[in-house]
Amino acid sequence: MPWPIYLALKQLFPSGRRFPFFTLISILGVALGVALLVISISVMGGFGHEIRRMIVDTQGEVQVKGRGYLADAAPLHAAIARVPGVVATTAYAEGVALIEHDHKPAYPALQGIDLEHVDAVIPLRRFVRLGSLDRLDDDSVILSSQLAHSLGARLGSRVELYSPLLLEKLKNDEVMLPRELEVVGIFEVGHQQLDSSVVLVTLRTMQDLYGLGRGVHGINVKIAEDADPDRVARLINSALPPEANAEARSWIDANQDFLFVLQLEKNMIFFLLTFIIIVAAFSVASSLLIAVVRKTREIGLLGALGGRPSQVAACFCFQGFFIGIAGTVAGLALGFTFLHFRNDLIRVFTQLTGSEEVLARFYQFSRLPAYTAPSDIATIVICSIVISTLAGLLPAWRAARLKPVEALRSE
Amino acid sequence: MTQDSASSGNLSVQRSALSVERSATVAAAAPVLAARSLAKTYLTGTQRLQVLRDVSLTVLAGESVSIRGESGSGKSTLINLLAGLDAPDAGTLEWGGGPAAAGRRADFLGIVFQSFYLIPEMDALANVLMAARIRGRIGAAERSRARELLAKVGLGERTTHLPAQLSGGERQRVALARALMNGPQLVLADEPTGNLDEHTGDAVIELLLGLCRDTRTALVLVTHNAAHAAKCDRPLTLHEGVLG
Ligand SMILES: Nc1ncnc2c1ncn2[C@@H]1O[C@H](COP(=O)(O)OP(=O)(O)O)[C@@H](O)[C@H]1O
Ligand SMILES: [Mg+2]
């Protein structure tokens, strides 16, 4: 072992001292910063992941949308299905309608789904909390949970739907009665907006209500696990016949703004929490500087024994580096331990404060999501080690500048 | 304290056995240290203080030289120059026939100071071994040599003690062992007894002289003590910047 490293370890862990105070406190400082970063970034990542999953689970990874509506989707399905990476497709039609139950109106977004194909693309069944997707037919609807709640509708309730087509017909002095549909299911995705304003009907119901004939508004596409959504979307676009008047967009592309904000927030948190490590590093730097001053004469002696200034510098740099490594490892352990027990900890906390329901109501979940991207961990590890090593740099530079004669002279 | 004097008795016995051998080698020895016309002036602000005017000193292998002088006469300055820790304003310095260079210091010489400068985080053995580590050679041979040296200075049972657990005399003896660790050709000692009481000081000097004789190491000993100085082969005095 090169002597600067040996000496650095001896200074960090002096012989005969069971509790190296400076070292442990320094490591703890860095560890706390790293742990907080890991926890925050993972929870942020968890939110992001949940939201991404929700988008993908309700739309598929790629959505082909017509400009206007697609009168005949069959050739498009065929064209899309041939694109490599595409696993399944399902058509949809969407629009708003007036829905009324028990004299209470609402204007939800209507989603007409192709019952035959939807399962291959969208795991809708997972979100149906009451009733069943199997019971959905041309005379029934599935309501989102909060909408059902505000309408006072339950399974078996009957709701009335008024579509814009009704107005068209009124203009022509035709009479058309609202469509009466039975509620056969309640679904909940876990997203405030979706859960308060979406109604699922069959594609045929939607086509009827809007007078679409056999037309649809778009096609949701499921892609292979390892396929890149952006790439598949590009491939689909070049595979679509030009007269189709439709465009494929990946969910990433379609939600660019939202994803950008999410990333921005994450970067902000990263930036702010990195300061904890920087503050910890400052305290390491000041302790090491004090050590340099306190050990001036011993540093002079190292020179007298033949040690080079660069080696003396390395000794102090290594102390910062070591604290960085140990702090990072401890911080990762602390962070992942917390993440592992996060829901137990939150349960204890909410039980103590009686805020369990508040949490569930406002955040849509009572379990804290977490997702740790390996790249985030790599960034945290590199940042904290680099910052800690930098903390050793100033003391190292001071120590290297000491001339042995002057250092030995100092009293 | 009592231990200091007790162990020095042991060593003087060892020494006398080897002193016969030594006298034979001195005659054929080449100079270990050759300093010619060293001069050193300190500048503090506008003040110039010429501490060394013209100092020449040749030390032969195994020879011991003592330097006495008043406080402030420049003894430490001279030792630092000889050790290559500071650069002279004029003059030349050779170690073992070659130019003095910082890179050779660990191989060539050992230094003992008035203050012991032990590293407080390390035990006695590790402090002695530090010299070998800095030299870049550390292995089983060095470890056993360090133990041997500590035994020779009477601290064979104290190898795992920290400096804080040792008395002043014991600390200086660890420093002696450290100075001798790399088998230097020359030991420079700058008032090694300055921080010790008379009795302990005597013991340390006995030990130093004995070890240097045993290992045929040349010694330059700076001291205030006339009795200590007289024990060296060649007693010199530094006065008004000149060695005489
Ligand atoms: N770095 C320095 N700058 C200015 N003056 C110095 C310096 N080092 C030593 N001196 C002066 O040089 C003189 C000789 O000092 P020193 O060699 O330590 O003497 P000694 O060891 O003989 O007591 C003293 O007067 C001291 O004040
Ligand atoms: Mg002096």
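Which strand and which helix of chain B each supply at least two residues of the shell around ligand 1? They are strand S2 (47-60) and helix H2 (75-82), with helices (H or I, at least four residues) and strands (E, at least two) taken as DSSP runs numbered from the N terminus. H2(B) gives the largest share, three residues.

A word on what you're looking at: this is a predicted model, where local features need pLDDT of at least 70, side-chain atom pairs count only at pLDDT 80 or more, and totals for chains, interfaces and linings use all residues. Residues are numbered from 1 along each chain as its sequence is written, chains are lettered from A and ligands numbered from 1 in the order written, and side-chain values use heavy atoms, leaving out hydrogens and water.

Back to the ligand. Its shell (residues with a heavy atom within 4 Å) includes A:Arg409, B:Tyr42, B:Leu49, B:Val51 and B:Glu70. Because residues from chains A and B surround ligand 1, the site is shared between chains.

Now for the polar contacts, meaning pairs of N or O atoms within 3.5 Å. An oxygen atom of ligand 1 sits 2.7 Å from a side-chain N or O atom of B:Ser76. On its own, ligand 1 exposes 560 Å², and the protein buries 72% of that (Shrake-Rupley method, 1.4 Å probe).

Technical notes
A polar contact is a pair of N or O atoms within 3.5 Å; within protein, one must be able to donate a hydrogen and the other to accept it, and residues adjacent in sequence count only if both atoms are side-chain atoms.
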